[in-house]
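Subject: Structure handover

Hello,

Here is the structure I promised to pass on. Please open it next to this message and follow along.

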Amino acid sequence: MSHTAHIPSHRKPRRSASKLALRAGVAGGVLSTLAVAAAAGTANAAEPVTETIEMPTLSTDLSAQIAQSADATQQAADSYESRAEQDAAASKAAKQAKEDLAKAEKKAEAERKAEAAAKKKAEEERASRSAERTDLSTQSAGGSSTATKAAAPAGGSVGTVISFLKAQLGDAYVMGASGPNAWDCSSLVQAAFKQAGVDLPRVSQDQSVAGTPVSLSDVQVGDILYWGGAGSAYHVGVYIGNGQYLDAANPGKGVVIQDLAGYPASGAVRVL
């Protein structure tokens with residue numbers, strides 16, 4: 001046994017040949033890869049970049065579609081605007097129609113009230129004239145026909161007409177005269193109704209058609225009596241009730257009260 005056999009050796013154990021070959025292969029592959037990459041990088045760096053990126057261009061069909069879409073959008077906007085204008089106009093028209101209807105109803109109501117008031121007034125006036133005719137007829141029947149010769153005040157009533165006529169009793173009859181102390185038949189009737197605010201024609205022919213025709217059976221105080229045909233009458237007088245009338249009869253009698261039974265009239269008209 002050697003005197004150094006018991007001393008351990010300081011050399012590293014020898015690797016196997018297979019492991020060494022594997023490592024050598026791996027290292028070689030890595031170096032080859034790096035070399036290829038370096039060569040490629042050098043080549044790429046040496047060559048200038050000639051390739052460019054092109055932007056896509058619009059085709060004719062795509063342009064047409066875009067234009068159609070824009071037109072459709074504009075038409076829709078125009079349609080909405082037109083519809084909005086129509087709605088606004090319709091709303092304005094409806095509001096105006098409502099206001100017009102309210103005004104029309106208000107006007108109609110005012111007219112109805114005015115018509116009702118006029119009707120009521122006319123009825124009151126008719127009732128008043130009827131009462132006056134009744135009173136005058138009663139007075140005539142009782143003989144209270146005395147009156148002073150004076151112009152009666154204008155009042156628009158039958159009583160005013162009768163009062164004026166009775167105030168002229170005893171006046172003379174003169175053809176063509178118009179008062180104040182001489183009359184013919186038509187001038188006396190004209191003057192009497194003028195006191196009540198009624199303008200009658202001057203001659204008997206026209207006075208016989210100046211009012212509403214009434215039957216002699218329905219004659220009332222204040223109605224105009226005429227002799228002859230309507231429109232061609234030759235004489236007129238005024239009915240004062242109780243079967244009597246007052247007229248400017250003729251030159252022999254003057255202004256008098258007479259009985260219808262003794263000289264029946266042909267017809268009558270009513271102006272009050």
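A contact here means heavy atoms within 4.5 Å. Among contacts in the chain between residues at least 6 apart in sequence, 55% join residues at least 24 apart. Keep in mind that this is a predicted model.

First, the overall build. The chain has five helices and eight strands. Along the sequence they follow the pattern α-α-α-β-β-α-α-β-β-β-β-β-β. Of the 272 residues, 26% are buried. The chain exposes about 18300 Å², and carbon and sulfur atoms supply 57% of that area.

Now the aromatic rings. A pair of aromatic rings is described by the distance of the centres and the angle of the planes. A search of the whole structure finds three aromatic pairs. One of them joins tryptophan 227 and tyrosine 245. This pair is tilted, at 5.0 Å centre to centre with 50° between the planes. Tryptophan 227 lies in strand E4 and tyrosine 245 in strand E6, so the pair ties together parts that are 18 residues apart in sequence. Both tryptophan 227 and tyrosine 245 are buried.

Tryptophan 227 also pairs with tyrosine 263. Here the rings are stacked: 5.2 Å centre to centre, 15° between the planes. Tyrosine 263 sits in the loop between strand E7 and strand E8, so its pair with tryptophan 227 ties together parts 36 residues apart in sequence.

Tyrosine 263 is partly exposed, at 33%.

Put together, ring pairs link Trp227, Tyr245 and Tyr263 into a cluster.

Best wishes

Note on methods: Residues are numbered from 1 along each chain as its sequence is written. This is a predicted model: local features need pLDDT of at least 70, side-chain atom pairs count only at pLDDT 80 or more; totals for chains, interfaces and linings use all residues. Side-chain values use heavy atoms; hydrogens and water are left out. Rings of Phe, Tyr and Trp (its six-membered ring) pair if their centres lie within 6.5 Å; planes under 30 degrees apart count as stacked, over 60 as edge-to-face and the rest as tilted. Helices (H or I, at least four residues) and strands (E, at least two) are DSSP runs, numbered from the N terminus. Buried means under 20% relative accessible area, exposed over 50%, partly exposed in between (1.4 Å probe, protein chains only). Accessible areas come from the Shrake-Rupley method with a 1.4 Å probe; for residues, only the protein chains shown count as cover.
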